[in-house]
Amino acid sequence: MNKVLISVLGSDQPGIMAVIADVINQRNGNIENLSQTLLNSVFGALLLVDVPHEEVAEELQTALENACNNMGLFIRVHPWNEKASDWYQNKPEVQPYIVTVIGPDRQGIVAEVAGQLFKHGVNITNMQAIFKGGKNPMDNLMVFEIDVPKATIMNDLRDALAEISERLDLEVSVQHRKIFDSVSNILN
């Protein structure tokens, strides 16, 4: 089998994944991994798919576009080389953490936090941001799921995020994933 990476973007509506999955199935492909999300009314999905050797990425893209022609979607199919990046192949031992950021909406928050995480060798594995605007801090929330190398000095990382917190009038919290999950379970 060959692998392809499929991206699907467009206005949310029922049936998107049903049509995409049906076309892949009809062409003897197998969805190996899938991530789908909604941003307000925008649908987004990434699929890693095993396809037969004779499948051509451009032909699969055309088949998907034809099947979804009345849905107004942007679909791209790329051949996928499974060779992981050098960083991923030599990935350090890591621990999972959660960073939450709450505060007034302003330009550059994502860049500031992501930049500091990068400077400390931290990999963002998942991120969600909800910005409703305005000054009510509870209307603006970001959650970063991160992998922190065990060699990272957590006090240095926390100090760097605290500096951003103070300068931008934000509330920033850094918790080990196990603690975050435990607290979340207690509160529910």
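Read along the sequence, the chain follows the pattern β-α-β-β-α-β-α-β-α-β-β-α-β-α. That order holds six helices and eight strands, where helices (H or I, at least four residues) and strands (E, at least two) are DSSP runs numbered from the N terminus. This is a predicted model, in which local features need pLDDT of at least 70, side-chain atom pairs count only at pLDDT 80 or more, and totals for chains, interfaces and linings use all residues. Residues are numbered from 1 along each chain as its sequence is written, and side-chain values use heavy atoms, with hydrogens and water left out.

**Confidence**

- The average pLDDT of the chain is 91, and 95% of the residues score at least 70; pLDDT is the predictor's confidence in each residue, from 0 to 100.

**Overall dimensions and contacts**

- Taken along the principal axes, the C-alpha atoms fill a box of roughly 55 × 40 × 35 Å.
- The chain has 188 residues, of which 34% count as buried (buried is under 20% relative accessible area, exposed over 50%, partly exposed in between, with a 1.4 Å probe and protein chains only).
- Of the contacts in the chain with a separation of 6 or more, 68% are between residues 24 or more positions apart; contact means heavy atoms within 4.5 Å.

**Helix H1 against helix H2**

- The axes of helix H1 (residues 16–26) and helix H2 (residues 57–67) come within 10 Å and cross at roughly 140 degrees, which makes H1 oblique to H2.
- Axes are lines fitted to C-alpha atoms, for helices over the stretch in contact, and angles run from 0 to 180 degrees between N-to-C directions.
- Angles under 35 degrees count as roughly parallel, over 145 as roughly antiparallel, 65 to 115 as roughly perpendicular and the rest as oblique.
- From H1, Val-19, Ile-20 and Val-23 meet Leu-60, Ala-63, Leu-64 and Ala-67 of H2.
- By class, this contact of H1 with H2 has seven nonpolar, no polar and no charged residues (Ala, Val, Leu, Ile, Met, Phe, Trp, Tyr, Cys and Pro count as nonpolar, Asp, Glu, Lys and Arg as charged, and the others, Gly among them, as polar).

**Helix H4 against helix H5**

- Helix H4 (residues 109–119) and H5 have axes that come within 10 Å and cross at roughly 165 degrees, so H4 is roughly antiparallel to H5.
- Ile-109, Glu-112, Val-113, Gln-116 and Leu-117 in H4 meet Leu-157, Ala-160, Leu-161, Ile-164, Arg-167 and Leu-168 in H5.
- The contact of H4 with H5 has eight nonpolar, one polar and two charged residues by class.

**Loop residues**

- Asn-40 is in the loop between strand S2 (30–39) and strand S3 (42–51), and has a positive phi of about 55 degrees although it is not a glycine.
- Asn-40 is exposed, with a relative accessible area of 82%.
- Asp-169, in the loop between helix H5 (154–168) and strand S8 (171–176), also is not a glycine and has a positive phi of about 55 degrees.
- Asp-169 is exposed, at a relative accessible area of 55%.
- Asp-12 lies in the loop between strand S1 (2–11) and H1, and counts as partly exposed at 40% relative accessibility.
- Not counting residues up to four places away in sequence, Asp-12 touches Leu-38, Ser-41 and Phe-43.
- Asp-12 and Leu-38 are 26 residues apart in sequence, and their C-alpha atoms are 7.4 Å apart in space.
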